[in-house]
Structures are given as C-alpha cells and as structure tokens.
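Thanks for making the time this morning.

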Amino acid sequence: MADEEKFDVIVVGAGLAGSTAAYVLAKEGLQVLLIERGRQAGAKNMTGGIIYSRVVHEVFPNFWEEAPVERAITSYNIVFLGENSAVTLNLKAPGMGKPPYNAFSVLRAKFDQWIAGKAEESGATLVTGVTVDELVMENGKVKGIRSGQDELFADVVIDAEGAKSLLVEKAGLRGDFKPEDVSVGVKELIELPEEAINERFNVGGGEGASYTLVGYTKGIAGGGFLYTNKASISLGIVARIDMLAEKQVKVHELIEDYKLHPFISKLIEGGNVAEYSAQIIHEGGIAQVPRLYADGFLAAGSSACLLINNLFTLRGMDLAVASGAAAAKAVLKAKERNDFSASSLSAYESLLREAFILTDMEAFRRTPSLLNNRRFFTVYPDLACSVMEELFSVNPAPSEKAFKVVRRHMKGKAGLLDVLKDLLEVYRAL
Amino acid sequence: MEIVVCAKYALDVAEIKIDPSGKPLLDGVPRRVSDIDKNAMEAAVNIKEKQGGTIKVVCFGPASAKEGLKELLAMGADEAYLVEDPSGGMLDTAATVEALAAAIQKLGSFDLILCGEATTDGYTGQVGPRLAGKLGIPQITYARNLNVEGNSVTAERDLEDAYETVKAPPPVLVSVTREINVPRIPSLMAILKASKKPMTVWKLEDLGLSKEKLEQVSTLRTVDLQGFAVERKRVIIKDKPVEEAVQELISYLMKEKALGV
Amino acid sequence: MSVEKLSLDKRLGLNKYEIDSESHIEVDKELCEKCEAKPCLFVCPAEVYKLEDGKLVYSYEDCLECGTCIIACKGMGRGAVNWKNPRGGFGIVYRYG
Amino acid sequence: MAEEYRGIMAYSEDKDTLFELLSKGRELADQLQTEVSAVLLGEKVEAEAGELASYGADKVYVVESPQLKGLLAEACAEALQAVISQAKPEVLLVGATKRGKELAPRVAEKLGTGCVAECVALEVDAGSREFKMKRVVFGGKVSSTHTIAGKPAIATIPPRIFEKKKADGRTAETVKVEAEISPPKAEVVEVKPKETAGIRIEEAPIVICGGRGLKQQEDFKMLQELAEVLGGQVGCTRPIAADRGWFPEWVGLSGKKIQPSLYIAVGVSGAIQHVAGIRSSKIVVSVNKDADAPIFADSDYGIVEDLYKVVPALTEALRKILKK
C-alpha cells in the first residue's frame, strides 16, 4: 500500500504557493500529491490584498483570461484618516487596466479553486478535506507527512500551509512568532451592485480601486485597506497583536468604528456585509523569514513569512505564486541529482533571489521598524488632515503661511526634530 | 451481503439565499452529500466490516454528484453509480425512484438497500418507502440500530412513543436516522484508494428510461416557492412584578396556541 | 441610508462553518489560571475566548482559524492555548475569502 | 377518467390525528360538496368506527386482517390500496406520524401518484378541484406549494396542524373492505414504549433550555418541573455541557439542532452558534435578567427578570391552567 502510494512530492496546502508548486512539478511529470484541509481549495483562505500580476503572468501566462479575477486595479489611493476628514493621494493609471495589467482584486474562495484546478489539470493529485497533522521525520530528515493514522512518504514535502506555519515550527525551522512581529487582519466583504461600484469609485467596467488607509486605529500600529471586487468591497483593518493586547482594544470593534468614518461610510453605504474573515500577517520582513529548507523539506508562501509591506503596497499573493514556482524548480533540480538533502534544496534560496523576492524583502528590511513608530499611526494622519482642513478653510481671520499652520498643529504632538527623524526613517526604509 | 446505498447529492441548504422579494435563489447553490445518507453509508460499511460483502452506491443527480460519490467511495463503498438527471432536479420522488429502481435492477441481485430517513434539502422521506414499494420488498424505516445475522436483518425503529424492533429476510430496504452512528471522516489513504475505485455514469437511456418517461411518472407540481424571513416578534416584558409578567407571557402563549390549550 | 455597526455575533452568523463535535482548541486550565495578562481575551477577532466568573471559557465553533491566539498566548501569556487545525473539512468555510 | 375520483379520505393510526384530519376533511368536503371517509386498519378495529362520525366522517372503511398486526407498512399499503381502488377518493390525507410517513409514499408508489410530505397548509379550489398543499423545505428556509396531477392526491399531515372539531349528530356508514393482504415479510419482534424522558430533544414539541444563568446542576430540577408541566424536554447550551459537564449533549450548531413549536431559553445569553441551532423553532421565549442579552433579539417573547423568580412562578401558573 505505502509503496504504491509513494509520491515524488507532497505539497501541503492548496493555496497560491502550494497549487503553483504542484502545477509546475506535475507539468514536469513528477508524481505530486496536493493536500488541502478545507472542503475545497480556498475554503480557508482570505486576502486583505490585491494580487500583482507580473509574477503570476510568468507562471500562468495571460492568467486573467481564464482565472476568476474581480477587477483590474487602475486607481491607487493612500488615505490619511483624521477624526472627520481624510487626505488622499491618488494615482489614476488607466494604462494598468490593460494587459499585462498591474494588479487584480481577487476573492480567494474562487481564485484558489481555479489555481488548484490548474494543478489537477497538469496531473497533480488533489485531496481536499484532509488535515496534515505532522511531518514524518527520521534522523532530522523530513520523510513524509502524517494525517490521522496515515503516513505517506515523499522525496520532498513542500509546506505551503499558510501564515500559521505550524509544520515549519515542527520541522524546527523557526522559533516562536513574536506578537510584535505579527498583525491580525480582519475583513468584511460588503456586497454592492457592480454599477454602484463603478460609479462610486469612478472606474470603468472591470476596473477597480485600491485604498491603503492610515490612521483612525486608536493608536494601534496598523491600518486599513479597501478594495473593489466585481460586485463587492473588501474592507479590512490590520492591527499589531502585541498592541491590541496591551491597549485592550478589540480589532473587531476597530473595524466597526472604521465603517462609520465619513470617508469610508460614503464608499460602503447601502452595502450588505456577507462575510467576516480574519488572518494573521507577518510584519517582521526579511528578519522574520525562517530557514526555508531542510532535508526533504521546503517552505513557500506565507508559511515562509514571505511578505513585503512597503507602506504603499502589501505583496503576499504574488510572492506566494513566485515562491511556489521557485520551490518546484528547486525540487526539479534536486531530482536531476536525485539528492533531496538540505544542501541540494538550497538552490531554492537563490531561485527566490533570482525572482527578486528575497532581494525585494531585503530592500525593505527597515519598514517593519517604521511600524514601531506610533507617530505614523497617531500624529501624522491627524496632522495631515487638520493642516489641510485649515489651509482650505477660508475664515474672516488673518491667514498664516502654510508652514506656520503645520507648526501650530504639531505643538504638543510631535517635535520638529521627531518629524525630521521620522522623515529620514521613511527615506531609508523606502 | 450485497448492499446498495442510495445517496442524494443534495442542495446545501445553508447556502440558499432569499432575494428581497422573498424568492429563494436556487441557481448555483452548492451541493453536498445529504448528511443522513452518510449515516446509511457508515451503516453499510459497518456491516461489510463484520461480514464481508460489497457496497454499491447509487445516486440520481447532476453530473457534479461525482464529487459526492468520491466521498462515499472514500468512506468505504466499492463501486459508485450515477444516473444523470437531465431535468436539473425538477422531478419528484417518484421519478427519482423510477431511476434508482432501474439502476438497482441493472446491478443484479442485492440483499439490503440502505438510505437516510430523509434528505437534508427536500426532507420528504419518500424515496425509501417508495423504492421498497416499487421493488416489492419489505421496508424498515427510522432505524436507530441495525443488525445483520445469518439470513435476517433486524433493526430498531425510533417511533414517536416507542422503539420497535423489526426483523425481515433479505432483500429488504432500511432507512436510518442520524442517531444510528457517526459517519467516518475518510482518511487520506481512503481518499487516495477511492480515486481508483470504479465510478460508472449512466444516462437514462442506458437504463431503458427517458426524460419523457420520468416526467410522466412525476406528478407533483411545484406552483410556488416562498422564502421565510424568520423575524421574531421581540415582545419584551420588563419592570413588572413577576406574577404579572408570567401571566402576560402565558396569555401571549395561549393566543399563539403554543400551550396546546 | 447610513452605515450601521454590526455586532460580532451578527457578523459571525453570516459566516459558514462546518462544525465538528470535537474541539480543535484546548486550554491548559492550570497554566491559564496563572496568566494575568490573558491576551486571548482581546486579540481574538471572533472573541472565542471569554471570561465567565473569572474562568476562561472558549467557543471553538466561532474560530476563524487565524492563529492570533497562539501567538498572543505564547508571546504574552503562558502558552496555555493548544491550537491545532480542525479535522479535515471542518471549521470555517469562506465563501468569498 | 379523473372524474371518477371524488371525496376526501383520511387515515391515521393515531386517533387524535385522525380526528384532526377528519375535521379538516369535513371543511374541504363541504366546499366541494362531497363526502368524507375515514379508514381503519387493524386486526379488530370495527368497534372504533362510531366515534369517527362525530368528527365529520360520512363513511368509515374498515379493513380487518391478521396480517395487519403490528401495522407493518407492507401490509397497510396493500390494505389502503384496496380501499382506494374501491372508494376512489380525490384526496387522501395521512397523519404524518412516522408510520404514516412511511406508509403514504409506499401507497403513492403503488398507485402511481404523488404525495406531499408533512403538509402544513391545505387549500382546495372549488372550481378546478385542485388541491394546493404547502410544506416547508430547505431546512425551514422556504415554503413550497404543490399540486398533484395523479389521483388521488396524497398528503401526509403532521399532528396538531389542524384543529379537531366535533360535528355532533352525524352518523357514518361502515363499509367493510375484504382485501387480500399478503403476509408481510417483515415482523415486529419487540416494542419498547419510550419514557417521556426518552423522547429525543429534536422531536420534542416543547424544549426548555438552560444556559449559563443557572448557578448549579441541581437548579436544572426547576427546569425539569416546568418541562413536565408543559410535556416538554430539557436541554442546555454548550458551556453547560462542555465546560461544566452537567449534561452530555447540548442544543446548538455543534450539538442538537431542534425545531420545537415552543422553545424556552432560561438564562441563555444567545450566542450565535446556539441561536443557529434553534432557528427553526416556532416560538422562542427567553428569560434573562440581563436586558442586553442577545437572546432577546432572537425571541418572540422575553421576560427581563431573575430566572430563579420567573421559572417557579411560571411553573405554578401553568400547572393551574393546564391542570397538571
């Protein structure tokens, strides 16, 4: 039985990283088993982001023609939320609404089924509704997986189980996550008619908007996001776990407060909440990335903490696809040598560099510390709003020069020196 | 023992939405194996484990029902048969039984037919008794336990006010309740093994039937579907002496005829 | 038309769950009782963990399987929460995600 | 062909249900200007015929046979089939007890007609003589209305859907039907009556559910008393069973899903997973001293008050009214 069921590769998790790895490997003729614990692929997945197109296009050329994407993002916004007002930086980029596109909004329950379907089409065996409990180890080497009473063996196990990365921990590749390195994101999926979205967000059919929201989080490091899907809006908030616990703030209440902010409520008005979801997000950047490989083992996607947050964009899904492909290529190389040891699989790391994943993460290695600077979430969004408000209000009083207004509003909240230091920090980080 | 399990790939009722006008939205509702049919499959597997035999699972439903049949194969069925329903689920239980009976007869001899007491979507509970009637075999419905010994099938029926033990010689049809067992969750190995088990898809014509024939036996017409908005009345009694509050509650309940008086 | 806040219960009620009769969460009661911080009470986006008469109770049925509690409990509490993935197919089922 | 079928026929082995069906049948028959008949099946049942007239029966068909011992579906179906081919009613109402629910479809199959299971409302159009039968489907979310093209139209009707009404001064003609009934292949080996406490909570018409508001296990006796007076069952919420271990099973999405006609939540806060398990209850009553408890939003009637005061008072008051 066990011999008959020996696979070349077992992939844990039919999300973006896992399905991509399985797809690439099966296409090359390897016997691949792709195991998903949800009833179907995507059942356990949620995203607070958009998927950047370029990297995905490399693995699945012109994927937008068949994949269930929601909208091509052509309007990019950064919004600083004050108490009652908002300052918005907006990029309108109609060019990004054409192939090869820049980014799409997606809903994972659908998108992941598509990509898992691609893996199946290419010959991978997809098994859903099965939880992998343990790795089977022998002398420190990964030999397979255990699910309930069943043990199944493979030359390599690719772990793509997602952000909790329980197997990576069990493989001894990472220590405990620190609450200050991890945020929890919650999201509400708000249904709105397609036409209402086109009109409200001033986008053409098939085009959409993305918003990165800063401020209005009760001083908790984090922020919000809002994306347009075809006939719904994804509204979410991300907050650091340590700060939530310290300040005893509940993230599910933060998002409700958020909905009442005039800037946001105008965008979601009349919509019906259809789903409430949550997920953790690794904010530690490159420093948090665990060892990516061991004997007979590779970690990909958010299981390997691959995520880039440069304050403007949050990239996770395209990194998942790219790392899944890189993991597959590393296995293919190892297969040529018939050597699945850690050193043989270490090619994975250079492949991740070639795909600019680790290099990009290194480039933004300082951004996580920005998240430690509370002024970015408390003082500056308010400051931006109140200064702009004053500059644009016309009062029967003598006008001040803009810089003076800024100074006055800063009083007691942030010193000039702080601001200069913070600007330098931003400059270095980005 | 030759066992046939009848299973439905039923609408997932949790996924049925009601539109603002009160009409249920049934297009595109995902399906799943009706829960109680899994109890029937578990009962079949338990018998097979004790005394050997074969388990064939038969389903009348859409092509997508293959997904559900895979699950039942993984639970322990040996062979799966799908009779494709060309009507999109518009036929009544008489048509279902016509198709199931034809399929079962084509499979040859059997000792025991097992099914759930009812399906989780329509919940008519008619297919079992109709099928037994059509095949002219005895039926034991609402079985909360089941024993096969030698040449007899014994089951304890869960009736309103009594447990009734009924014995019958094969071939017999037994419908089971949820209480009879806890259906197993297929293991990884079982799922992998199941992917190699035979699954046969039959068109009605393969069974000597036709869509017209089924439409003819299907005499039930659905003239209206209306969603319920379960809005509670939310009558709250407060700041009153206990006796008074209790009396007020009782008078509401009597008006609602909720007390049987 | 104005936007209204939704209670957490309402929101959880919108979700689809396949509920297992077995809990995938276990809490070491002794360790938990020694924990003063009880970060789980604040960080869980589904408020799975609650205090009742000073004792921690948890309703695993509501779990969104994000993993926040594991990190908070280990990092800021006593590591009393033992969380594993629900059995295959059980737990939250996202329809949109 | 279809014109041959006339009249309303009712059958249930449960007397009260049969009276209810006859009462409803009378109403329909008056509308259609036709007859109501009742069916009695058993080894020796003719004596029971007299009583049926007073609920509206014009005729009582009696089938007596040793084969009908134990009321096995195989035999009852044959007997009922024989009555129907003789009497040719346009509609057959069968009490939706479990025996009725397994009998009606078997008969329908034999006669090649349709059956609406667990019908909760029944109307007839006097002109077209078409019966509209309503039932609840999709886990209580949707009501569907059906007509049946076959003859007779058959419906099973749960107990207590229709009121039983005495129609005094009527007499009914008793018609004995000689039916050839094959000996049933199944046989009843044993019948164990259920104790009231043995009724499954999913089937209990009334459920009293205790929540975290109850301070100790003994306090459930108080709920038990209320349940006895009402003829219901006691259940609990998950924390009571899972955290405190006072009960083996609980009501809720992860436990028992129930659909009683009356559900009384005592000291239950109303967590969403619990409420989802009682959603199909007809009437929800809650008692909780916390006016903000979410359960009140999911209740038809609520009393904001200490349960330790309300429950004994309610039990006493109901005992007087229900004379128990």
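I start with a loop in chain D, the one between α1 (15–32) and β2 (36–42), where Q33(D) is found. Q33(D) is not a glycine, yet its phi is positive, at about 50 degrees. Please keep in mind throughout that this is a predicted model.

Staying with backbone geometry, there are two cis peptide bonds to show. In chain D, the bond joining K151(D) and P152(D) is cis, with omega about -10 degrees. P152(D) sits in the loop between β8 (142–148) and β9 (153–157) of chain D. In chain B, the peptide bond from P170(B) to P171(B) is cis as well, and its omega is near 0 degrees. Where is P171(B)? P171(B) lies in the loop that runs between β11 (162–168) and β12 (172–176) of chain B.

Now the chains against each other. Which two chains have the most contacts among the five pairs that touch? That pair is chains B and D. Chain B puts 78 residues into the contact and chain D puts in 84 residues. Between chain B and chain D, about 6,800 Å² is buried, and carbon and sulfur atoms give 57% of that area. On the chain B side, R130(B), E160(B) and R232(B) supply 10% of the area buried against chain D, which is more than any other three residues.

One piece of the contact between B and D is a helix pair. The crossing of α7(B) and α8(D) is right-handed. From α7(B), the residues that make the contact are V242(B), E243(B), V246(B), Q247(B), L249(B), I250(B) and M254(B). From α8(D), they are K309(D), V310(D), A313(D), L314(D), A317(D), L318(D) and I321(D). By class, the contact of α7(B) with α8(D) has eleven nonpolar residues, one polar and two charged.

Next, chain C. It has four helices and six strands. Along the principal axes, the C-alpha atoms of chain C fill a box of roughly 45 × 35 × 25 Å.

Chain C also touches chain B. Seven residues of chain C and six residues of chain B take part in that contact. The area buried between chain C and chain B is about 490 Å², with 37% of it from carbon and sulfur atoms. In chain C, the residues that lose the most area to chain B are K16(C), E18(C) and R95(C), together 63% of what that side buries.

For a pair that does not touch, look at chain A and chain D. Their nearest C-alpha atoms are 14 Å apart.

In chain B, helix α1 (residues 35–51) and helix α2 (residues 65–75) have axes that come within 10 Å and cross at roughly 30 degrees. That angle makes α1(B) roughly parallel to α2(B). The crossing of α1(B) past α2(B) is right-handed. K38(B), M41(B), E42(B) and V45(B) of α1(B) meet E71(B), L72(B) and M75(B) of α2(B). The classes in the contact of α1(B) with α2(B) are four nonpolar, no polar and three charged residues.

In chain A, the axes of helix α14 (residues 379–392) and helix α15 (residues 402–410) come within 10 Å and cross at roughly 135 degrees. Here α14(A) is oblique to α15(A). This crossing of α14(A) and α15(A) is right-handed. On α14(A), the contact is made by L383(A), S386(A), V387(A), E390(A) and L391(A). On α15(A), it is made by A402(A), V405(A), V406(A), R408(A), H409(A) and M410(A). These residues of the contact of α14(A) with α15(A) divide into seven nonpolar, two polar and two charged.

Last, the domains of chain A. Domain 1 is 3–70 + 106–175 + 290–355, domain 2 is 180–282, and domain 3 is 369–429. Taken over C-alpha atoms, the centres of domain 1 and domain 3 of chain A are separated by 44 Å.

Key: Residues numbered from 1 in each chain as written. Chains lettered and ligands numbered in written order. Predicted model: local features only at pLDDT ≥ 70, side-chain atom pairs only at ≥ 80, totals over all residues. Heavy atoms only, no water. Domains from an automatic or database assignment. Left-handed = near helix turned anticlockwise from the far one by under 90°. Helix = DSSP H or I, 4+ residues; strand = E, 2+ residues; numbered from the N terminus. Contact = heavy atoms within 4.5 Å. Nonpolar A, V, L, I, M, F, W, Y, C, P; charged D, E, K, R; others polar. Buried area = accessible area lost by both parts, 1.4 Å probe. Axes fitted to C-alpha atoms, helices over the stretch in contact; angles between N-to-C directions. Parallel < 35°, antiparallel > 145°, perpendicular 65-115°, else oblique.
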